[in-house]
Amino acid sequence: MTDSDLPAVVCSDSTDDGLDRPRARRCMPASVTVEPVLFLSMFAMALQGPLVTQYLWDRLSEDMGYNGTRDRGCTNHSGRHDPLQKELETLTSHWSLYINLGGFLVGLFSVMLLGPWSDRVGRRPVLILPVIGLALQAAIYLIVMYQQLHVGYFLLGRIISGITGDFNMVLAACFAYIADISSRQSRTFRVAILEACLGIAGMVASIIGGNWRKAQGYINPFWLVFAVNIVTAIYVFFCVQESVKEKKPERLFTPRHYKSVFHLFTVPGENKRRSKLCLYSLALLVVVTVHMGAKDLFVIYELSSPLCWDSDLIGYGSAAEHLTYLSSLAGLRLFQLCLADSWVAEMGFISNITGLVVISLAATTPLMFTGYGLRFFAMATTPVIRSKLSKLVEEGEQG
């Protein structure tokens, strides 16, 4: 029996006495751990994401006095030459950029503090903190919608969420947690399980959100986003056991955390570790940038002519996009039997590129869904890269 055949465990080093003896491993089973955390957080994010873009479109079109593409571009196919539609597309994409960039820039510094901090104080604090921040963000979005405030106030919610680590910190903490409790042989598949949680949650939330928004508007779905984040924080507090067994007190606000990140990428190691860390991190940056950056663009493209989708169809499109997490997991498990992880990642790149090319040319609904279908293996790349990154660092550097 190999290590990959054993159940995942949470382990820590210990000695029975003060004598100079080999350190024993104390382990406990860990089957379901942070998977519900990532599922619920992704559910809230997938429910919120397309609705925010649609809300920006509707509010900005109302401010412009634009009556929508369905009365103009989608009936006579002249929408591509409609100057008002072009202006609306530009405004919506710009505000999406400002809101996301504001959260990213703030979150960039907070994540580099919270990640190394979690290596010492444990994963649970950095799982609870960003979830609370996401709940506050949803609360601010609700205030903006109730009071009909300018969409620029969405930026305030994103900044608050960014200060607490945002969804990126939830991802980082969950993947670090799995790295803590999994063997090197089983790590790629355990990471892929987390990716599957992202897919299932995204599919369910997208379908619910699209139909719910069409039936009742924006406010009620955002109340669910707020409630799900609160439930997630409660689950972490009461149900998630700590995976870092040798916790040490450590200040959060200290430059030592930034130095540890700098040290990780600058100090040479065995087998060209530094070069591999830099290249894998760059690859992950490019892959995630394309994946996350395309989400809002898909919605804007679907709202405008020649597609002019309603919110329910946008939800189905988002569900088809999240289906790639599940199909990629199945393909990853299958191809790992006969191919190295690196070749599996290459196949993921090919699937993603092919699907994006078709989507960029899609002028009809069937062609758009064909593009989504061709991306069936697109998400096999990220678990492979994350697994390789976690294997290059020590146990105390996973955060």
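This is a predicted model: local features need pLDDT of at least 70, side-chain atom pairs count only at pLDDT 80 or more; totals for chains, interfaces and linings use all residues.
Local features need pLDDT of at least 70 and side-chain atom pairs count only at pLDDT 80 or more, while totals for chains, interfaces and linings use all residues. Residues are numbered from 1 along each chain as its sequence is written, and side-chain values use heavy atoms, with hydrogens and water left out.

Reader: How many cavities of 30 Å³ or more are there?
Author: A cavity is a set of points, on a 1 Å grid over the protein atoms alone, where a 1.4 Å probe fits but cannot get out. Points are joined across faces, edges and corners, and a volume is the space filled by probe spheres set on them. By this rule the count is 3.

Reader: Which element gives the largest share of the lining of the largest cavity?
Author: Lining residues have an atom within 4 Å of a point. Helices are DSSP runs (H or I, at least four residues) numbered from the N terminus. Among the lining residues of the largest cavity are A46, Q54, G209 and I314. The largest share, 5 residues, comes from α1.

Reader: What separates the C-alpha atoms of A345 and A380?
Author: Leaving aside neighbours within four places in sequence, A345 is in contact (heavy atoms within 4.5 Å) with T381 and V384. A345 and A380 are 35 residues apart along the chain, and their C-alpha atoms are separated by 6.0 Å.

Terms used. On a 1 Å grid over the protein atoms alone, a cavity is a set of points where a 1.4 Å probe fits but cannot get out, and a pocket is an open set with protein on both sides within 12 Å along at least five of seven lines; lining residues have an atom within 4 Å of a point. Helices (H or I, at least four residues) and strands (E, at least two) are DSSP runs, numbered from the N terminus.
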